[in-house]
Amino acid sequence: MAISRQEKQALVKEYEENLDSSRAFFLAHYTGLTVGEMERVREAMAREETRVEVLRNRLFLIAAQRAGKEAVGQILDGPTLAVFCLGDPTSPAKTLSGFARDMEGLSVYGGLLGQAVLGAEEFQQLAGLPSREELLAKVVGGLQAPIYGLVSVLGGVLRSMLYVLQARIDQLEGQAS
């Protein structure tokens with residue numbers, strides 16, 4: 001379907017804004033997806049601080065050049081669904097990877113993380129990483145473990161001292177009677 005010059009300019013501007021505001025973006029082939037499957041992907045990705053767009057490749061390449069992300073031209077291939085990550089990219093990568101496993105028509109073939117070009121393998125590695133929240137929980141747990149150990153050791157010493165004092169009290173009461 002042909003679109004007017006103004007619509008093309010608006011699309012280029014929208015793509016450029018998405019590229020500027022995103023920390024990463026992933027590219028996927030989506031041929032063979034039903035409308036219902038595409039809606040499920042869009043809804044799930046909307047909960048992940050992302051924007052999902054079906055790209056017009058030529059216009060997207062123009063926007064990528066304007067945004068200083070020319071490297072995307074190396075990987076852009078065929079009808080493409082783009083997922084722009086506004087927040088932490090690991091959680092959307094996991095969600096998208098799960099959809100790619102479940103849906104035959106969806107396959108992630110690349111993306112950009114910062115200025116680094118991602119292939120399909122690098123994307124799978126990113127999807128396998130723990131999320132920011134999981135990493136923070138592990139750090140907090142690691143910091144709390146020694147503190148709990150110290151409290152436990154000190155509590156044990158105090159309990160032992162109390163047992164000794166109680167035994168001495170009982171011994172003195174026994175001698176007094």
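Analyst: Helices (H or I, at least four residues) and strands (E, at least two) are DSSP runs, numbered from the N terminus. This is a predicted model, in which local features need pLDDT of at least 70 and side-chain atom pairs count only at pLDDT 80 or more, whereas totals for chains, interfaces and linings use all residues. Residues are numbered from 1 along each chain as its sequence is written, and side-chain values use heavy atoms, with hydrogens and water left out.

User: Why does Leu-162 count as exposed?

Analyst: Exposed means over 50% relative accessible area, buried under 20%, and partly exposed in between (1.4 Å probe, protein chains only). Leu-162 has 55% relative accessibility, and therefore counts as exposed. This residue is found in helix H6, residues 132-176.

User: Why is Ser-91 called partly exposed?

Analyst: Its relative accessibility is 24%, a value between the limits of 20% and 50%, so Ser-91 is partly exposed. Ser-91 lies in helix H4, residues 90-102. Ser-91 and Pro-130 are 39 residues apart in sequence, while their C-alpha atoms are 8.2 Å apart in space.

User: Why is Glu-49 counted as exposed, and where is its place?

Analyst: Glu-49 has a relative accessible area of 54%, which is over 50%, so the residue is exposed. Its place is in the loop between helix H2 (35-46) and strand E2 (50-54). Glu-49 also has a positive phi of about 60 degrees, although it is not a glycine.

User: What makes strands E1 and E4 a pair?

Analyst: Two strands pair if DSSP finds at least two bridges between them. Strand E1 (residues 24-29) is joined to E4 by six bridges, so the two strands pair, and they run antiparallel. In E4, Ser-107 stands opposite His-29. Strand E4 (residues 107-113) is mostly covered, with five of its seven residues buried.

User: How many bridges join E4 and strand E5?

Analyst: E4 and E5 (residues 116-118) pair in the antiparallel sense over three bridges. Gly-111 has Leu-118 in E5 as its bridge partner. The two strands form a hairpin with two residues between them, and Gly-114 in the turn has a positive phi of about 65 degrees.

User: Which residues have the most contacts inside the largest nonpolar core?

Analyst: A nonpolar core is a set of buried Ala, Val, Leu, Ile, Met, Phe, Trp, Tyr and Cys residues joined through side-chain atoms within 4.5 Å. The largest core has 22 residues, and those with the most contacts inside it are Phe-26, Val-41, Leu-96 and Leu-106. Its largest share, four residues, comes from H2.
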